[in-house]
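User: I would like to go through this model before planning my reading of it. Could you take my questions one at a time?

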Amino acid sequence: MDLSQAIRDKARELLETGAVKCVIGYETGTDGINARPAFIYEAAEVDRLIFDETCGHNLATYLLHHRAENIAVVVKPCDSRAINLLHGEHQIERDKVYIIGVVCPGVVGRQWGVKGRQLLPACQACTDRNPVVYDYLVGEPVAEGAPAPAPPLPEVEDLERMPPEERCQFWRREFERCIRCYACRQACPGCQCTECFVERLEPEWVGIRIDAPQNWMWHTIRAFHLAGRCIECQACRRACPVDIRLDLLNHKLAWEVAQLFNFRPGMTAEALFPLATFVRDEKLGVGEWASS
Amino acid sequence: MARIGVFICHCGSNIAGTVDIPRVVAEAQKLPMVVHAEDNEYTCSEVGQRSLREAIQEHRLNRVVIGACSPRMHENTFRNTVASAGLNPYLLEMANLREHASWVHGDQREAATVKAIDLIRAAVAKVARAQPLFARQIGVTKRALVIGGGIAGIQCALDIANAGFEVVLVERTPSIGGRMAQLDKTFPTLDCSACILTPKMVEVGQHPRIRLLTYAEVKEVRGFVGNFEADILQKARHVDHDKCLGCGICWQKCPARAPSEFDMGVGQRTAIYIPFAQAVPGKPVIDREHCRYQQYLEWQRAGAEGKKPPECRICEKLCPVGAIDWEQRDEMITEEFGAIVVATGYKTFDHSVYGEYGGGRYPDVITSLQLERLMSASGPTLGEVTRPSDGQPPKTVVFISCVGSRDDSVGRPYCSKVCCMYLAKQSIMLKEHDPEVQSYIFYIDIRAGGKNYEEFVRRAQEEAGTVYIRGRVSKTYPEKGKLIVWGEDSLMGRPVQIAADLVVLATGIEPSEGAIELAQTLHISYDVHSFLVEAHPKLRPVETMTDGVFLAGTAMGPMDIPDSVAQGSAAAAKVCGLLSKDTLALEPMVANVNAVKCVGCLLCQQVCPFKAIDTETLRDGRIVVRINEGLCKGCGLCVSACRPGAMNLRGFSNEQLLAQVKALTR
C-alpha cells in the first residue's frame, strides 16, 4: 500500500476516535516539492499528510513541546531511536505518544524547488530500515540481520587521517562560519535543557562574542553533551543555515562510544547510558555488539 | 562586601623553613577584599587561635583564609575557632601550604613561596564567594535491625536490647543459632558448642525488647542514618505460631522426608520441622516443597492426571490446637529503624571443583561440617561417628586442609582462618570417641595464632597422636572398601599413600547466599570475594561507608567464634552510640538542586553512588529531582553530570571552584 495513504488512514482513525489530539506528520511544503512538518488536529485535514524521500525532519523533537497531550507522531527508524532516547531520559510519557513507524527508504538532500536525487551520505551508509519502536507500522518491514555498527563515514576517516594542524584548520573553517543561531540545538531531540549552557552567565562558558574561539567552544561542549546520546538523525546538519558539518562531529563521538561500550543510544528506552554507568565486566573496546 | 582575613601558619619550621612567610603575608595583603593578613608560629595552638579570634573581632572579618596544613588535619579545629568568634564556620577556607608546598618542594624556596602565594590567592577567591551554611537536624528512630541470627547477630541483638533499645532480629532459616549451633565442640577449650550457645538463643527468644523474625528475609532498605525503612519478607510457615505450643506431635508423625539442611545432608528431617531440638523459636515450619499435602495440591492444579498422591494432612489432624494454617501466604512487613547491623555469616566452599579429592563421588569423602554433625550428640547418628557408606566406625581418618582456601586457581586466595584449628579439634575428638582412631592431616601451613591455639595443635599432635603431613593430596580412589589417598610429604620429599576409612575435607569459608544483593540494597561495598567491606580495616572495623549500617561476623571475612562475638558487641556499641542521640546533625556541604533549571532527565540519579536523589512532581506536572540530604555525601558526581547546570554543591559551588581555578591560572 502507498505509505502516504496508510499514514492518512491511521491518522484519521486516531483523530476520529479521539485517541490523540494531534498527529504530527509531513505535508508538501510551499515549493510544492519538499516536505515540511504538519500538525493535524482535525480528521478532515488528514489528506494533507504525505510520506516520501524528502521527509527529512525528525518530528520526535516536537514531542518536547507537546508533553501534556496525547500525540501521534510519524517516525523514521532514526527518529524512533530519538523517541527511545526521550523516553529513557523521562522527557515524554510513552503512553501519551502513539508512534506511527515508517519503514525508511532513506531521505534525500533538500534544495528549494528542486527534487533531490542523491540519498544523504548517512542514509547511504545506514543499515537500520525498520523503526526500533512503534505502535503501528507503515510499509513492509525489511529483513535485517542483527544490528551491526555501520563503519565510520568515509569523511570521518579522511579527517582522522589528516595531520592535527590540518584537521584543526578544517574545523576552524567550519566554526568560523557559525552565526550562532542555535538552529542545531532547536532541531535536536537531545537538547532538552530549559537553560542551555551557552546562555549561562555564571559561569560564562561561552562568550557572547560571535567569533571562531567562542563558536568552537559552543560546538565542542554541545558535542560532548550529545556523546553517547546522539542518534544521528541529521537534524542539526539539516537545520544549519551555513552548512557546518555537525554530522561529522557527532558521528565521530557516536562511533567512539559504539567502539568503546558496544552501545548505540535509543535502541531501547531502558538502556543505561555508558558515560553515566560503570559495569563491572566492562571491557573497553572488546566484545559482541549489543543493542542496549 | 567581603572582609577577608588571611592567617599564615609557620607550623614550626614545617612551612616557615621552606616558604618565605613575610613575602606571602605581604602578597596576601595586596589581594582584593583582604583587609588583614598575619602569620603565627602555630595557628592551631591556643595562642594562635586566640590571635585568630581577636583579629576577626578587631578587623570585623567576615571571611577567613588559613594557610597551614591539610584541612583533614585541622579544618574542624579552625571551624570551631571561627564559630566561637561569631562567624559561620563554613566561611573558612584552608590553603594547604604544608603538604602542597613546603613538604613537596623542600629544596626550592623560591618555587615553594610562589606556589604558596598562588594557593592563598585561590583560597581568597573561593572564600569570597562562600555562603554561610547551617547543619540540619534530623530525628533518630530508636530501633535497630540486626540481619542474621548467628552468634554475631545474637550477641549484637542482645547487647543493643540490654542497653534499652528495641531490636528486630531477622533470620532467614526457621531458627536462630547459625553455624555455631551446628558445631559439636569449640576450639581450643572443647566447650560443647550448643551448651554455650543455647542459653543466648533462649535469651533472644524471651527478651522483651527483641522481636524475632525467623524464616524471613530483608528485601529492600530505603532511607538513611537514623531513618531507615526496611521491607522484610516473612515467608509462609503454614503454622500459626501464636497458637502453636511446640509440642512436637506434628514433626514426630509427619511421613515426608527431606535431607536436613542443618545436618548438612547427612541426616533427614520431616516436611514439617524444626531444624534441631534446641531451635528458637521451638515451633515448626512446613517446607512446601516436600509436604505431601502441598504436592497433592500441586497435582490438582496441574490438571490431576495419573495416580492420585496421598492427601496426608496428618499434622493438621493431630495438632491439638489447630495451628496448621494452609491459607498462610508470604507477607511483606515494613518497619522503621535508626541503625542496621549486617551479620549474614558464611557458607562453606563447594569442594566439587577439586575432582581429585573425590568429594561428591565417594560417600566416605565428607566435609568437616558434616563430620561435625556426625560427632554431635544431637546429630543424626547421636554422636557416633560412622562411615556413610556402610555404617562402620572409621579407624583411619585423613583430613585435607585448605579445600577452597589459599588457592588462587579456584579464586580463593585467602586463608579461611578456622580450618587448622577445627581439624586439630576434630582429630582430638575422634580420638576421644574411639581411642583406636588414627588421624592424618594434610596441611600447607599450620595457622594457630590466638590465645591457647598453638598449645591446642600441640595437644592434637602429642596427646591424640595426630600425624601432620605437610603436603597436598593428588588423588583419592576407593579400593577394597577403603579410600586410598595419594599425597606428597613435602618435608620428607617423598610420596605418601594412606588407606583411609574416612576422608574429611576442610572446606573454606565464603559469604552467604544473597550477601551481594543485600549489600546492594544497603549500598555498602563488598570485595572481589563478595565479603562486605569495613569503613577502615584498622580503625573502623565494624562500620561501613554508609552511615548507620554496621557489620559483624563472617559476612566481612573469615573469623572464629570469639572474633564474631567481639564484633557483634562492637557493632552493638556503635549502634547504641547512634541511637542514644535524639537528633543527628547533617553535613551541610551537600548537593542542592535549582528546580527551575532541572529538566528531570534523571542522569544524576544514575550516577549517584549513594541513592541520594529522589524525584518530585511540581504543581505544573514537571518532574524534577530532590536531594535527600541524609544520604548525600557531597561527592559532586551529580554536579558534573548535570547538563542544564541545575546541580550545585554547597561549600564547593561551581562559582567558587571556577573563581579558584581562575585565580590559579591568572
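Predicted model: local features only at pLDDT ≥ 70, side-chain atom pairs only at ≥ 80, totals over all residues.

User: Let us start with chain A. Which domains does the assignment give?

Analyst: The assignment for chain A gives domain 1, residues 3–138, and domain 2, residues 154–276. Taken over C-alpha atoms, the centres of domain 1 and domain 2 of chain A are separated by 24 Å.

User: How many residues does each of these domains bring to the contact?

Analyst: Domain 1 of chain A contributes 23 residues and domain 2 of chain A contributes 22 residues.

User: And what area do domain 1 and domain 2 of chain A bury between them?

Analyst: About 1800 Å² is buried between these two domains of chain A, with 56% of it on carbon and sulfur atoms. On the side of domain 1, Arg81(A), Leu85(A) and Glu89(A) supply 32% of the area buried against domain 2, more than any other three residues.

User: How many salt bridges are there between the two domains?

Analyst: The count between domain 1 and domain 2 of chain A is 2 salt bridges.

User: What is the partner of Arg264(A) in its salt bridge with closest N and O atoms 2.6 Å apart?

Analyst: Arg264(A) pairs with Asp128(A), and 2.6 Å is the distance between their closest N and O atoms.

User: Now the interface of chain B and chain A. What does each chain put in?

Analyst: Chain B gives 16 residues to the contact and chain A gives 18. The buried area between the chains is about 1500 Å², and carbon and sulfur atoms account for 55% of it.

User: Which residues of chain B lose the most area to chain A?

Analyst: They are Val599(B), Gln606(B) and Arg643(B), which together make up 40% of what the chain B side buries. Arg643(B) also forms a salt bridge with Glu89(A), with the closest N and O atoms 3.6 Å apart.

User: How is chain B itself divided?

Analyst: Chain B is divided into domain 1 (4–128), domain 2 (137–235 + 330–345 + 514–585), domain 3 (237–327), domain 4 (348–510) and domain 5 (591–650). The centres of domain 1 and domain 4 of chain B, over C-alpha atoms, are separated by 65 Å.

User: Changing topic: how do helices H6 and H16 of chain B pack?

Analyst: Helix H6 (residues 151–162) and helix H16 (residues 561–579) of chain B pack at an angle of about 35°, and their axes are 8 Å apart. The crossing of H6(B) past H16(B) is right-handed.

User: Which residues meet there?

Analyst: From H6(B), the residues in contact include Ile151(B), Ala152(B), Cys156(B) and Ile160(B), and from H16(B) they include Val565(B), Gly568(B), Ala572(B) and Val575(B). By class, this contact has 9 nonpolar, 4 polar and 1 charged residues.

User: Last topic, the backbone. Where are the cis peptide bonds?

Analyst: One of them runs from Phe187(B) to Pro188(B), with omega near -10°. Pro188(B) sits in the loop between strand S8 (185–186) and strand S9 (191–192) of chain B. Another cis bond runs from Val280(B) to Pro281(B), with omega near 0°. Pro281(B) is in the loop between strand S15 (272–273) and strand S16 (285–286) of chain B.

User: Why mention Tyr182(A) as well?

Analyst: Tyr182(A) has a positive phi of about 65° although it is not a glycine. Most residues other than glycine have a negative phi. Tyr182(A) is located in the loop between helix H5 (164–176) and helix H6 (183–187) of chain A.

Notes. Residues numbered from 1 in each chain as written. Chains lettered and ligands numbered in written order. Heavy atoms only, no water. Axes fitted to C-alpha atoms, helices over the stretch in contact; angles between N-to-C directions. Helix = DSSP H or I, 4+ residues; strand = E, 2+ residues; numbered from the N terminus. Left-handed = near helix turned anticlockwise from the far one by under 90°. Contact = heavy atoms within 4.5 Å. Nonpolar A, V, L, I, M, F, W, Y, C, P; charged D, E, K, R; others polar. Domains from an automatic or database assignment. Buried area = accessible area lost by both parts, 1.4 Å probe. Salt bridge = Lys/Arg side-chain N within 4 Å of Asp/Glu carboxyl O.
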